[in-house]
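Let's take a walk through the inside of a protein model together. Please have the sequence and the 3D view ready.

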Amino acid sequence: MSRYEAQRKRIFKKYINNINLLKDNQLVSSKKDSYLCPLCLKNYMSMYIDENNFLTLEDAPPKSLGGRANTLTCKKCNNEAGEKIDFHLAERMKELDNKLFLPNTEFKALTNIDGVTLRTTISIDEKGEMSIFHSAKNNNPKILNPIMEKVGKDKIIDFNFLKSRVIPENLEYSILKTAFIILFQKTGYSLIIDKSYDLIREQIFNPAKRIYPENFWGYNTNKMKPGLYFVMNKGLECVMIVFDLTSEKSKRSFTALLPLPNIELDKIITQINNTISISKEIELKIYDGNNDDYINNLNSINKLMSWAYKR
């Protein structure tokens, strides 16, 4: 058995055991011995249905940004969700890195010399010194050559970054998807099969329209370690997921708010943001759920579900 297959089998068994534990204790109505893809909730009694329909490793965050595969989603969901939105998260990280002008960095840009716009490559060496390269392959030689003849030591060269390829909404939905998969990784089926999370599933597969509340995410300015947290303030109860994204040049930490069953998350997000806009800060009572086992420990699962459903 390959390492890939062994990893899939281990994850499959882990969440089968979780749903069986929930089912045996009348906590869910799903079938036993069935893995539910967290993104579409389709049942899988085996890792394979056929060669075109099977469970695949899901990276959260995306593998290109330091994520690891700790869950499974079906091939269709993995392909469609990743194709539509994950690119925008990786691309945004690259753009943020470029604007830091970090050593050993190279990126495309536009220069303006005497009113003429040219395509260029900006390179920053290990000492932080910047060089600008113009290529005849990317510019009209008849325009480029006369301009280059005028360039000297004191010549002023303005430059701009290329137009961003990132669609802001798709960037947000990639953050949402990452947070949702991490929630499943941490809590199994205790929460995510509730209809309250259909909102997330619908948004991930319909990035062309806004479904999930705005302003649900932010940068982790409080330096909380990555993982699972619960906001306990009365009237503001929700899930907070913290995760790091690591590019070749930098690491950034994000937070995202996810719903609990039977709450109106948009009102909670609005109240939190309104308070911050007025007082510049808000004191949230946070419970750290990273030390609890919500997959195998029935006592922890019961405490979570009792609080989540019976507040």
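What follows is a short tour of the nonpolar core and the aromatic rings.

This is a predicted model, in which local features need pLDDT of at least 70, side-chain atom pairs count only at pLDDT 80 or more, and totals for chains, interfaces and linings use all residues. Residues are numbered from 1 along each chain as its sequence is written, and side-chain values use heavy atoms, leaving out hydrogens and water.

Let's begin with the core. A nonpolar core is a set of buried Ala, Val, Leu, Ile, Met, Phe, Trp, Tyr and Cys residues joined through side-chain atoms within 4.5 Å; buried means under 20% relative accessible area, with a 1.4 Å probe and protein chains only. The largest such core here has 73 residues, and Tyr35, Leu39, Leu183, Tyr189, Ile241 and Leu258 have the most contacts inside it. Helix H4 (residues 168-187) contributes ten residues, the most to this core; helices are DSSP runs of H or I, at least four residues long, and strands are runs of E, at least two, numbered from the N terminus.

Now to the rings. Rings of Phe, Tyr and Trp (its six-membered ring) pair if their centres lie within 6.5 Å; planes under 30 degrees apart count as stacked, over 60 as edge-to-face and the rest as tilted. The structure holds 16 aromatic pairs. Tyr212 and Phe216 are edge-to-face, because their ring centres are 5.1 Å apart and their planes stand at 90°. Both Tyr212 and Phe216 are buried. Phe243 and Phe254, in contrast, are stacked, with 5.8 Å centre to centre and 15° between the planes. Phe243 belongs to strand S12 (residues 238-246) and Phe254 to strand S13 (residues 251-258), so this pair ties together parts eleven residues apart in sequence.

Key
Buried means under 20% relative accessible area, exposed over 50%, partly exposed in between (1.4 Å probe, protein chains only).
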